[in-house]
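Please walk through this structure with me, one step at a time. Keep the 3D view open as you read.

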Amino acid sequence: MAALLGGGLLTAPPARAIEEVVIEFPVLELDVTLRVAELEDPALLRRGTSDLAELDRASGGILGPRLVEVFSQPVPVAVTRIAEGSVGSPLFEQAMLVLSSLGTVEGRPPDLSGEVLRQALEKASAGGEPTLLSLIKAIPGDRVRLDLGRLREVSQRMLAQRRRSEELIAAVAPAPVAPAADQSAGPAPIRQEISLTVPHRPQPLDVLLLRPSQGGNGRLVLVSHGLWDRPASFEGWGRRLAAAGYTVALPRHPGSDQEQQQQVLSGKLPPPSPEELVLRPKDLSAVIDAAADGRLQVSGLDTRQVVVIGHSWGATTTLQLAGLAPSDIELRQRCANLEDPERNLSWTLQCSWLQAADLAGISDRRVIAAVAVSPPLALLFPRGSGSQLHSRVLLVSGTRDWVVPPDPEAVQPASLGATRHGHRLVLARGGDHFNLRPGDGPQGGVLGSLMLAWTDGAFAAGERARPAEGALNLLTRADWGNAQIALTDVSERLQAP
């Protein structure tokens, strides 16, 4: 299935339809040829001469039916809808490029736009629900070749990245900030939903506002969500900060939020465009502007000094506002290389930003400090660009979507495998408790205390929080996914001479 979604699709129909599927097993030094006709008719399979027919007879008639069952599985409806609405999208093309490494259709140049896939899905659906076999038959070509060895290569690459990250985690100093002591939740903050007219978007910008019910300190903190997420996922962080006196604004980035994801899955919209790399930091600056001129409906806010917090793509957004200027140099040099040993899943998103990278140097001097949680950044910011920062930045690395534990009062740390070593917080995987959003929990989860301490320190320092030549502080944590390569990226790229 992956190969059919990838770049092996043909750009022009050849004389005949696909007749064979070849599955490569490099570890076994074995190629298995399956004839499409035999996958349709069990009688042909029993008396056929292909590798599949021979394997079926050797297995006593067990293997053949199971493979036929696999190829008879329906293609998910979402695949058809995404293909219908995503043809030509840079993010979709990057996904097609990655998947193309798993298989090809022989004989013609690849089509990474997805147009041939869309046409094949339409043709396969003409007789009812499309299956993998009907999709293969609808693709113009001679032979489909699936390379299972590529899966092994990708796994080995991920393990190598993990080893590098673990070595780096052991070597770098932790952030000079201790998580604040746990506090009671206190009075619930005042929760408002505001719609702002902004000059850079045709539609209003929706903002979730959390402000102290009493004793506000006049300080503003912004939280930026990640790709296909929403402000509500980070209310835990917001409530923790609001309980300490901060006014917290959580904008919904309309071109890359959860609602946009649903539109993509239904085929009504393409994936996020490269322009969102420019629009997202403008969203945050527009919220600061609105606070300054009273449109947030909160009196007495000091917008001359602001702290921003972001997760995933939102973390990249905070780095932009803190002074890092994106560049397209490495994107152009490395995105097309599927063999790059540092390639990971976040490259798919970063490479889709190529067209806008050189336009996205949008900083905001009102930002005196930032917290960036797992930002995609390996290719986006040049080596040594940490010197561009005009704000203090705390990088919380090694985390990834859906794995930050809930509030420690709700789940005992022992059940999560969490231990503290000085100021370094080390987390180990602990079962289903990790299937929560980063900001969940009544007090913002494990990271809520850290963010409060960092924010308090930034405002206490005031103008002194601004570094002369940029400053990155690292809080390291052990993890088990590809996103921990972000720590390597920061250490080796942003702080490189």
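Start at Glu20. Its bridge partner in strand E4 is Arg143. Keep in mind that this is a predicted model. Strand E1 covers residues 20-25, and strand E4 covers residues 143-147. They run parallel, and 5 bridges join them. Look also at Ile23: it stands opposite Leu146 in E4.

Now turn to another partner of E4. Strand E3, residues 103-105, pairs with E4 over 3 bridges. Here the sense is antiparallel. Pick out Val105, whose bridge partner in E4 is Val144.

In what order do the 4 strands of the open sheet lie? The order is E2-E1-E4-E3. The pairing in this sheet is mixed. Which strands form the edges? They are strand E2, residues 30-35, and E3. Each of these edge strands pairs on one side only. From one strand to the next, the twist averages 15°.

Take the second largest pocket. How much space lies in it? The second largest pocket holds about 300 Å³. It is lined by 19 residues. Closest to its centre are Gln203, Pro254, Gly255, Gln260 and Glu276. Two elements give two or more residues to this lining: helix H12 (258-265) and helix H13 (276-292). H12 gives the most, with 3 residues. What classes of residue make up the lining? There are 7 nonpolar, 6 polar and 6 charged residues.

Find it in helix H16, which covers residues 346-351. Is Ser346 buried, partly exposed or exposed? Its relative accessibility is 22%. Buried means under 20%, and exposed means over 50%. The value for Ser346 lies in between, so this residue counts as partly exposed. Now locate Trp313. In sequence, Ser346 and Trp313 are 33 residues apart. In space, their C-alpha atoms are 9.8 Å apart.

Conventions. Residues are numbered from 1 along each chain as its sequence is written. This is a predicted model: local features need pLDDT of at least 70, side-chain atom pairs count only at pLDDT 80 or more; totals for chains, interfaces and linings use all residues. Side-chain values use heavy atoms; hydrogens and water are left out. Two strands pair if DSSP finds at least two bridges between them. On a 1 Å grid over the protein atoms alone, a cavity is a set of points where a 1.4 Å probe fits but cannot get out, and a pocket is an open set with protein on both sides within 12 Å along at least five of seven lines; lining residues have an atom within 4 Å of a point. Grid points are joined across faces, edges and corners, and a volume is the space filled by probe spheres set on the points. Ala, Val, Leu, Ile, Met, Phe, Trp, Tyr, Cys and Pro count as nonpolar, Asp, Glu, Lys and Arg as charged, and the others, Gly among them, as polar. Axes are lines fitted to C-alpha atoms, for helices over the stretch in contact, and angles run from 0 to 180 degrees between N-to-C directions. Buried means under 20% relative accessible area, exposed over 50%, partly exposed in between (1.4 Å probe, protein chains only).
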